Amino acid sequence: MIDSVSKVFHDKFSAEPLIVRSPGRVNIIGEHTDYNEGFVLPAAIDKAIYVAISKRNDDVIKLYAVDFKEDFQCTISTIQYSEQHWPNYIIGIVDQLKKKGIEITGFNAVIDGDVPVGAGLSSSAALECAVGFALNELFDLKLSRLDLVKMAQKSENEFVGLQCGIMDMFASMFGKNEHAIRLDCRSLEYEYEPLQLGNLKILLLNTNIKHSLSSSEYNVRRQQCEQGVAWVKEYHPNVKSLRDVTATMLDEFVLPKDKLIYKRCRFVVDEIERLLQACVHLQQNDIKSLGEKMFRTHDGLSKEYEVSCKELDFLVDAVRNNPAVTGARMMGGGFGGCTINLVQADAIDGLIAQLSPLYHQATGLNLTAYVAQIENGTSIVQ
Ligand code: GLA
């Protein structure tokens, strides 16, 4: 990948680029908790976005996306949302720099990668982190990794328009080989948890579907959580987010007002607790209990938070009673993308062979599968 992105860059721009790699992510458990100031447990994977980049002397930005075989061009002074969509993840970062009063010149960049787009593996966060890291290096901006993570999230919130939390960017930037990151999304303190899975591997099963609901419903879930917090706050003024809310508070102050809001908030409050217990299981090497929690998370996401879909439910239900599968659930924002499965290494090929025709029969879609290795976060590779 490094050689190919470098060659495309040479062919297009006849210059020697800086190349930055930024990975996609999985999340072991802790879903829809980041924007509620809870905890998450993501890890960076061996699928990544590569950005090859070099400075220009004017204020022109010239981009080429290998995957889409598309060019894009604009100037720094006239940046605006592009209908081409993919350039927004890049120029949104430049927009953030401008808002911070940081000046840069134009640049040429080629983007390539092997994170499947729309699979819920955060290819967009990986791209934003790669671009931020590359510009920081190229123009010696002296921003920290955390600054870059926050900038990437803001760019997605303000420029792309998805009110996402901080998990995906944090995982891409701070990932560590063979470790998950237990991130406190309130304080942004984090610890690396060794991912000792024994003979189990992380198998991702891609539904190959992304329902159009994913971004609109995501923003609706955020508002529903905020509504629940506002009702509790009337009686407990110190409460700032669902992180501070207990199940009893929800029973008392939210359930009488609105059953749907209650269901949403209840899932989040339970999920924050589940993650903390799951971390203890991980530390005690009790992967069986961790796996049970993953199934429970799926059920909550499907029935209470209602961000699953029939394709994801099908894949989780199909492995639920399989002795080679210790845990499985939908992963990420929902309405498509992948399930994450903890599967015995020697059973993986058989499982894929068994599931593929069943999935096709049930949904008319092809199933794709990846075994995810846990890797380091964003770095310069050339
Ligand atoms: C998406 C968002 C994240 C997070 C997850 C759900 O991946 O980008 O911030 O909220 O959904 O856990």
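Colleague: At what distance from an oxygen atom of the ligand does a backbone N or O atom of Gly165 lie?

Modeller: The distance is 2.9 Å, taken between a backbone N or O atom of Gly165 and an oxygen atom of the ligand. This is a predicted model, in which local features need pLDDT of at least 70 and side-chain atom pairs count only at pLDDT 80 or more, while totals for chains, interfaces and linings use all residues. Residues are numbered from 1 along each chain as its sequence is written, and side-chain values use heavy atoms, with hydrogens and water left out.

The protein covers 94% of the 310 Å² of accessible area that the ligand has on its own (Shrake-Rupley method, 1.4 Å probe; for residues, only the protein chains shown count as cover).

The shell around the ligand (residues with a heavy atom within 4 Å) comprises Arg25, Glu31, His32, Asp34, Tyr35, Cys164, Gly165, Met167, Asp168, Tyr218, Gly332 and Gly333. It divides into four nonpolar, four polar and four charged residues; Tyr and Cys count as nonpolar here, and Gly as polar. Domain 1 (2–196) and domain 2 (200–372) each supply at least three residues of this shell, the bounds coming from an automatic or database domain assignment.

As to the aromatic pairs, the whole structure holds 12 (ring centres within 6.5 Å, the six-membered ring for Trp; planes under 30 degrees apart are stacked, over 60 edge-to-face, the rest tilted). Among them, Phe68 and Trp86 are stacked, at 6.4 Å centre to centre and with 15° between the planes. Phe68 belongs to the loop between strand 4 (60–65) and strand 5 (70–75) and Trp86 to the loop between strand 5 and helix 2 (88–99), so the pair ties together parts that are 18 residues apart in sequence (DSSP runs, at least four residues of H or I for helices and two of E for strands, numbered from the N terminus). Phe68 is partly exposed, at 41% relative accessibility, whereas Trp86 is buried at 7% (buried is under 20%, exposed over 50%, partly exposed in between; 1.4 Å probe, protein chains only). Elsewhere, ring pairs join Phe170, Phe174, Tyr190 and Tyr192 into a cluster.

Key. A polar contact is a pair of N or O atoms within 3.5 Å; within protein, one must be able to donate a hydrogen and the other to accept it, and residues adjacent in sequence count only if both atoms are side-chain atoms.
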